[in-house]
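Open the structure in your viewer and get ready to click along. Each stop tells you what to select and what you will find there.

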Amino acid sequence: MKFWRKPLDHDKYKTPKGEIRIIDDRCKGCGFCIEFCPNEVLKESERFNVKGYHPPEPNDADKCIGCRLCELICPDFAIYVIVTEDEQKNSDESTTNANKEPAEVEDHA
Ligand code: SF4
Ligand code: SF4
């Protein structure tokens, strides 16, 4: 990952990795996820979904840092990301649900 300024504690942290999951048929082709991904990981695919839109697909999946912005920004819940290598070297395991599938995350509401 490229920084405009190297963080002072950069050596203490590992860059997370994300695995992108796209639910094609929910997508309405708005392109928000493509436009706002900070690492330009996504692009419009050639294929059509059932609604006749082009869902996104990874352009360079290895560049995904699991920030989950695409997941947050998608108006149709058509994309989500599993963080596979999150782990900041000093992280507190109890504070993260990031490695779990959405269905596994406990609802404390
Ligand atoms: S999790 Fe972040 S880096 Fe990965 S595809 Fe989504 S917006 Fe891009
Ligand atoms: S933000 Fe959601 S609906 Fe819009 S293109 Fe991406 S996956 Fe499709």
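Begin by selecting ligand 1: among the 15 residues around ligand 1, the nearest are Cys 37, Cys 64, Cys 67, Leu 69 and Cys 70. Keep in mind that this is a predicted model. Now colour strand S1 (17–22) and helix H2 (69–73), because each of them supplies at least two residues of the shell around ligand 1. By residue type, this shell has 11 nonpolar, 3 polar and 1 charged.

Next, click on ligand 2. Which residues come closest to ligand 2? They are Cys 27, Cys 30, Cys 33, Cys 74 and Ala 78, out of 13 residues that surround the ligand. The shell around ligand 2 divides into 9 nonpolar, 2 polar and 2 charged residues.

Move on to Phe 36, which sits in helix H1 (residues 32–36). Is Phe 36 buried, exposed or partly exposed? Phe 36 is partly exposed, because 13 other C-beta atoms lie within 10 Å, and a residue needs 20 or more to be buried and 12 or fewer to be exposed. Leaving out residues up to four places away in sequence, Phe 36 touches Leu 69 and Ile 73.

Last stop: the largest nonpolar core, with 15 residues, where Cys 33, Cys 70 and Ile 79 touch the most other members. S1 and strand S4 (79–85) each supply at least two residues of this core, and S4 gives the most, with 3 residues. Finish by selecting Ile 79, whose contacts beyond four places in sequence include Ile 20, Pro 56 and Cys 74.

Methods:
Residues are numbered from 1 along each chain as its sequence is written. Chains are lettered from A and ligands numbered from 1 in the order in which they are written. This is a predicted model: local features need pLDDT of at least 70, side-chain atom pairs count only at pLDDT 80 or more; totals for chains, interfaces and linings use all residues. A residue is near a molecule or strand if its C-beta atom, placed from the backbone, lies within 6 Å of it. Ala, Val, Leu, Ile, Met, Phe, Trp, Tyr, Cys and Pro count as nonpolar, Asp, Glu, Lys and Arg as charged, and the others, Gly among them, as polar. Helices (H or I, at least four residues) and strands (E, at least two) are DSSP runs, numbered from the N terminus. Two residues are in contact if their C-beta atoms, placed from the backbone, lie within 7 Å. A nonpolar core is a set of buried Ala, Val, Leu, Ile, Met, Phe, Trp, Tyr and Cys residues joined through C-beta atoms within 7 Å.
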